[in-house]
Amino acid sequence: MDFYGHVIDGEEAASLSGATFSSTDPHTRRPWAEAALGDGADADRAVSAARRAFDHGHWPRMGTAERGRILHRLADLIEEHAEDIALADTQDMGKPITQSQGNDVPRTAANFRFFADHARLSTSESYPMDTGHHAYTRFDPAGVVAAIAPWNFPMMLESWKVAPALAWGNTVVLKPAEDTPVSATLMARLALEAGMPPGVFNVLHGYGPDSAGQALTEHPAVDRITFTGESGTGRVIATAGARHLTPVSLELGGKGANIVFADADLAGAVEWSIRAVFTNSGQVCLAGSRLYVQREVYDEFLTRFAAAADALVVGDPRDPAVQIGPLASAEHHAKVAGYVDTIAEQGGTLRTGGLGDGWTIRPTVITGMDHTARHAREEIFGPVVVVIPFATEAEAIELANDTPYGLNAMLFTENLHRAHRVAAVLRAGTVWVNCFFVRDLRAPFGGVGDSGIGREGGTFSREFFTEPKAVVMQIDPAADRDRPRSSRGRSAR
Ligand code: NAD
């Protein structure tokens, strides 16, 4: 088995304790890679390296163009190694290879390119004051960023944190999820090859509680914590951040509502709704796993939707024909299987799907279940959807907003007025109209309620990963002198 170490201060390293853990391939259900298992001492080593690189290194002081060249080179290398990276994520967590290769790797490279350019082209506001002064904003790097990632889109979600943090001149310690350690080490190796100075981008492997993750979030030398994962973990991390008043960005769970109105293009709605719930075998925070369909088209939609779900190819995720792979781990499979086993108990009917071979769950469509049932309220994080009819627009809005989550919602309609009207009142960080999963990296991304705190993307990432600073400069001493003594230096605004 190949070994994947921490990457600290430009070196690939074993843990100080020598401990390791293995990653299991969910298709073969056998270990396929080994990684260093970090603890508090390793976290301290990684944070210290990042601290030194920030306080004394060249990276935060480099121009954005020079940093951008290195980040673009990293994006090129990620594309050159697309096959290995895609296979690593697929073997680590069972994602169909067409998705890791067709979506995750290109989007990872795009994230590095976008944030490199965004930092370089970003403008800062300036305020000419009528007191003879001029105020302007600087966006100075925040310092050492601790980035903690989940396993469902390993490298892609890691890059969504690492790319803006680095582009704005921070140094980073990334802790990937324990189920998916491999691509993080690959990314750090490529960053060094791209010319990133030692200590700027560090990778620390290990678990969360009482392990590397917890030690990282509690470290006093960390200046920002960016976390993506479960809402419960988010609460723990927010508490850890509070101890040192470290700003925390939390991208958490979801239970996306997907509303299909009777005036929708039904073929399009079926196609997008299939993607919305079964992409990545349903292991997507944005999954449209509550599907509300207007009564007039309910039967027709359901017939087409269930047939399309049934036609999805389940199997070995390395086979390019396969659309649904195994779930990421035995533990996660047991959790999702528990929902499948209790469909009738919660008043539902299994329209199609159910348990598959090994750790797979076949695309599962549930009907007849009330909106208040557990399956319709809790994040299942697997290929399982509850389909519920509704009568009016007002009812659809009420059902969609009746959730502690608020990451995203989808709606399908051909009525322009309705599209804007409903999008405006849905309580969610993102609303997709007649589509799903389409992202503009300049737009805000994040959730309300239990789905998180803060937004990332474009200037929203800049706000988080920098310390905006106001500089006020005297430009015209005469203008200040001419003003009454009592108001000198005070803004006229
Ligand atoms: P998780 O919360 O179990 O783990 C996420 C990461 O946090 C892992 O690296 C883990 O080791 C670490 N961790 C766990 N406990 C910790 C602690 N006490 N201190 C520090 N680190 C700790 O989540 P997961 O199972 O890996 O991912 C699935 C969840 O992530 C789902 O709820 C999903 O909705 C959510 N998610 C959200 C988004 C988003 O953008 N909002 C994107 C993807 C996934």
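## Ser461 and its surroundings

Ser461 touches Phe115, Pro164, Arg455 and Glu456, leaving out residues up to four places away in sequence; contact means heavy atoms within 4.5 Å. The place of Ser461 is in helix α15 (residues 458-465). Helices here are DSSP runs of H or I with at least four residues, strands are runs of E with at least two, and both are numbered from the N terminus. Ser461 counts as buried because its relative accessibility is 0%. Buried means under 20% relative accessible area, exposed over 50%, and partly exposed in between, with a 1.4 Å probe and protein chains only.

The model is predicted: local features need pLDDT of at least 70, side-chain atom pairs count only at pLDDT 80 or more, and totals for chains, interfaces and linings use all residues. Residues are numbered from 1 along each chain as its sequence is written, and side-chain values use heavy atoms, with hydrogens and water left out.

## Domains

The chain is divided into domain 1 (2-252 + 447-471) and domain 2 (257-433), with bounds that come from an automatic or database domain assignment. The C-alpha centres of domain 1 and domain 2 lie 31 Å apart. Their contact takes 29 residues from domain 1 and 31 residues from domain 2.

## Nonpolar cores

A nonpolar core is a set of buried Ala, Val, Leu, Ile, Met, Phe, Trp, Tyr and Cys residues joined through side-chain atoms within 4.5 Å. The largest nonpolar core has 91 residues, of which Leu174, Met196, Phe201 and Phe278 touch the most other members. Helix α5 (residues 154-167) gives the most to this core, with nine residues. Domain 1 and domain 2 each supply at least three residues to this core. Another core, of 30 residues, lies apart from it and includes Ile259, Tyr292, Ala376 and Ala409.

With neighbours within four places in sequence left aside, Met196 is in contact with Trp59, Ile70, Leu71, Leu74, Leu166, Ala191 and Phe201.

Helix α2 (residues 64-80) has 17 residues and reaches 24 Å from its first C-alpha to its last, close to the 24 Å expected at 1.5 Å a residue. The expected span is 1.5 Å times one less than the number of residues. The buried residues of α2 are Arg67, Gly68, Ile70, Leu71, Leu74, Ala75, Leu77 and Ile78. Their cover includes α3 (82-93), α4 (97-121), α5 and α6 (182-193). An α-helix has 3.6 residues a turn, so residues three or four places apart point the same way.

The 13 residues of helix α9 (residues 266-278) should span 18 Å at 1.5 Å a residue, and the end C-alpha atoms are 18 Å apart, which agrees. Buried in α9 are Leu266, Gly268, Ala269, Val270, Ser273, Ile274, Ala276, Val277 and Phe278. These buried residues are covered by elements including β13 (257-260), β14 (290-294), α10 (295-310), β16 (361-367), β17 (384-390) and β18 (408-412). At the start of α9, a side-chain oxygen of Asp265 reaches to within 3.3 Å of the backbone nitrogen of Ala267. Asn280, with a positive phi near 55 degrees, follows α9.

## Aromatic pairs

The whole structure holds 13 aromatic pairs. Rings of Phe, Tyr and Trp (its six-membered ring) pair if their centres lie within 6.5 Å; planes under 30 degrees apart count as stacked, over 60 as edge-to-face and the rest as tilted. The rings of Phe114 and Phe115 are edge-to-face, because their planes are at 85 degrees, with centres 4.9 Å apart. Both Phe114 and Phe115 are buried. Phe114, Phe115, Trp160 and Phe445 form one aromatic cluster.

Trp432 and Phe436 also make an edge-to-face pair, since their ring planes are at 65 degrees and the centres are 5.3 Å apart. Trp432 counts as buried at 4% relative accessibility, and Phe436 is buried with a relative accessible area of 3%.

Asp25 lies in strand β4 (residues 20-25) and is buried, with a relative accessible area of 2%. Leaving aside neighbours within four places in sequence, Asp25 is in contact with Arg30, Trp32, Gln91 and Arg318. Its side chain makes a polar contact with the side chain of Gln91 (3.4 Å). A polar contact is a pair of N or O atoms within 3.5 Å; within protein, one must be able to donate a hydrogen and the other to accept it, and residues adjacent in sequence count only if both atoms are side-chain atoms.

Thr413 lies in the loop between β18 and α14 (416-425) and is buried, with a relative accessible area of 2%. The side chains of Thr413 and Asp263 make a polar contact (2.6 Å). Beyond four places in sequence, Thr413 is in contact with Phe261, Asp263, Ala264, Arg418, Ala419 and Asn434.
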